[in-house]
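Me: I am new to this structure. Could you show me how to read its features, one at a time?

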Amino acid sequence: MKLELHIDPSLSETEVIVRAPARTPEVDTLLDRLAAGDAPLLGFREDGAAVPLDLDTVLRFYGENKDVQAQTAEAVYTVRERLYELERRLAGHPFARVSHSEIVNLKRVTSLDLSLTGTIRITLTGGVTVYVSRRYVKKMKEVLGL
């Protein structure tokens with residue numbers, strides 16, 4: 001990828017132009033990150049209060065009862081983004097999709113159990129256990145370098 005910066009004092013606001021030979025996942029990720037800007041990811045408590053989430057503290061994002069939840073060591077928050085939107089937003093961060101309904105923080109993995117046939121059991125900080133679905137096992141092994 002080639003990057004250029006042109007400073008033009010005559011402009012009244014910042015303008016970003018993305019030029020690419022084709023629309024690729026890399027281009028889509030770039031566009032999503034530019035659109036999100038530095039907007040914090042908000043988690044909502046049960047009382048409705050919004051809390052900016054520090055991605056380093058999030059153990060996992062998962063779908064439950066048509067909502068997306070963000071689990072930290074301290075609490076569980078509702079997130080208003082869909083998992084596929086989070087997956088794009090988290091590109092470049094140490095998160096990986098492990099099933100249709102779950103994304104985990106790879107920095108919070110404490111152990112992997114590869115002895116199970118067709119799946120991987122992942123233990124996260126605090127003893128939270130998740131399973132990699134059969135569809136994602138190959139991709140997860142690539143991400144982990146196994």
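Me: How much space lies in the largest pocket?

Reply: This is a predicted model. In it, the largest pocket holds about 980 Å³ of space. Its lining has 24 residues. Closest to the pocket's centre are Leu 3, Glu 4, Val 16, Ile 17 and Val 18.

Me: Now the rings. How many aromatic pairs does the structure hold?

Reply: One. To read a pair, take the distance between ring centres, then the angle between planes. Planes under 30 degrees apart count as stacked, over 60 as edge-to-face, and the rest as tilted. The centres of Phe 61 and Phe 95 are 5.8 Å apart, and their planes meet at 45°, so this pair is tilted.

Me: Which parts does the pair tie together?

Reply: Phe 61 belongs to strand 3 (residues 58–64) and Phe 95 to strand 6 (residues 95–99), so the pair links parts 34 residues apart in sequence.

Me: Is Phe 61 buried or exposed? And Phe 95, buried or exposed?

Reply: Buried means under 20% relative accessible area. Phe 61 has 0%, so Phe 61 is buried. Phe 95 has 13%, so Phe 95 is buried too.

Me: Where does the charged end of Arg 60 sit?

Reply: Look for a charge over the face of a ring. The charged end of Arg 60 sits over the ring of Tyr 62, 4.0 Å from the ring's centre.

Me: What does Arg 80 lie over?

Reply: The face of Phe 44, with 3.8 Å to the ring centre.

Definitions and conventions:
Residues numbered from 1 in each chain as written. Predicted model: local features only at pLDDT ≥ 70, side-chain atom pairs only at ≥ 80, totals over all residues. Heavy atoms only, no water. 1 Å grid on protein atoms, 1.4 Å probe; cavity = no way out; pocket = protein on both sides within 12 Å on 5 of 7 lines; lining within 4 Å. Points joined across faces, edges and corners; volume = space filled by probe spheres on them. Phe/Tyr/Trp six-rings, centres within 6.5 Å; stacked < 30°, edge-to-face > 60°. Helix = DSSP H or I, 4+ residues; strand = E, 2+ residues; numbered from the N terminus. Buried < 20%, exposed > 50% of the residue type's maximum accessible area, 1.4 Å probe, protein only. Lys NZ or Arg CZ within 6 Å of the ring centre and 35° of its normal.
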